[in-house]
Amino acid sequence: MAELPGWYDNDIDRVIVSADDIRAKTEELAKQVAADYAQADSVLLVCVLKGAVMFMADFARALGRFGPPAELEFMAVSSYGQGTTSSGVVRILKDLDRDIAGKHVIVVEDIVDSGLTLSWLLKYLQSRSAASVDVVALLRKPEAVKVTVPVKYVGFDIPSEFVVGYGLDYAERYRDMPYVGVLKPEVYQR
Ligand code: IMP
């Protein structure tokens, strides 16, 4: 299926992951998770806002077709400011609404870059007595491979560049793109 045109297309230098590739990979990841959790009564998907919102919505629906029933929870943490480099500071902006003790938690992440956010989050979830904690991340940058964050399910390994789209933003824009791409250099000069 060809990409439908959107307002953002003129700002994009090149596509890193197409909407079709995201769809196919999401289904593949959901099948893997479903197979691994076939014995579980249910799983609790934890989405880290805002970047993972598109992936959470699509992944949850795909998992619904293959796997155990899923509960959905949302957290918001801050790691990046307005710019494009990690601050290393993690702050909870929105906490879990419910107790996760004894639950099989699967963190649904948009992208693992330095892994700082994720390693902090995993410790936090484990401290709240989850029965198990796994991570499914749509994208992973090379930096993340160096950090010892256990990301069991990874969609795509991408180059070490700042990407936008499918939930990922630059200064709160481009989240509404259906694919992932790299911005033209002039966009940063505006
Ligand atoms: P980390 O702590 O460096 O792994 O970064 C985690 C978060 O930073 C991700 O969940 C994203 O929200 C954001 N992030 C990292 N890389 C990018 C990028 O290339 N584009 C947009 N956001 C990013």
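I took a cavity to be a set of points, on a 1 Å grid over the protein atoms alone, where a 1.4 Å probe fits but cannot get out; lining residues have an atom within 4 Å of a point. Grid points are joined across faces, edges and corners, and a volume is the space filled by probe spheres set on the points. I noted that the model is predicted: local features need pLDDT of at least 70, side-chain atom pairs count only at pLDDT 80 or more, and totals for chains, interfaces and linings use all residues. Residues are numbered from 1 along each chain as its sequence is written, and side-chain values use heavy atoms, with hydrogens and water left out.

Entry 1, cavity. I found one cavity of 30 Å³ or more. The largest cavity holds about 30 Å³ of space. Its lining includes Gly-51, Phe-55, Asp-110, Leu-138 and Val-180. I sorted this lining into seven nonpolar, two polar and one charged residue. For the classes, Ala, Val, Leu, Ile, Met, Phe, Trp, Tyr, Cys and Pro count as nonpolar, Asp, Glu, Lys and Arg as charged, and the others, Gly among them, as polar.

I looked up the shell, where a residue is near if one of its heavy atoms lies within 4 Å. Of the 18 residues around the ligand, Asp-110, Ser-114, Thr-117, Lys-141 and Val-163 come nearest. Seven residues of this shell are nonpolar, five polar and six charged. E5 gives the largest share, four residues; strand E3 (70-80), strand E5 (104-112) and helix H3 (116-127) each supply at least two. Helices (H or I, at least four residues) and strands (E, at least two) are DSSP runs, numbered from the N terminus.

I then checked polar contacts (pairs of N or O atoms within 3.5 Å). Oxygen atoms of the ligand lie 2.6 Å from a polar side-chain atom of Ser-114, 3.4 Å from one of Glu-109 and 2.5 Å from an N or O atom in the side chain of Thr-117. The ligand taken alone exposes 490 Å², of which the protein buries 92%; areas come from the Shrake-Rupley method with a 1.4 Å probe.

Entry 3, sheet. I traced an open sheet of three strands, in the order E1-E9-E8 with antiparallel pairing. Strands E1 (12-17) and E8 (163-164) stand at the edges with a single partner strand each, so one side of each has no neighbour in the sheet. Pairing requires at least two DSSP bridges, and E8 and E9 (residues 180-183) pair over two. In E9, Gly-181 is the bridge partner of Val-164.

Note on methods:
A polar contact is a pair of N or O atoms within 3.5 Å; within protein, one must be able to donate a hydrogen and the other to accept it, and residues adjacent in sequence count only if both atoms are side-chain atoms. On a 1 Å grid over the protein atoms alone, a cavity is a set of points where a 1.4 Å probe fits but cannot get out, and a pocket is an open set with protein on both sides within 12 Å along at least five of seven lines; lining residues have an atom within 4 Å of a point.
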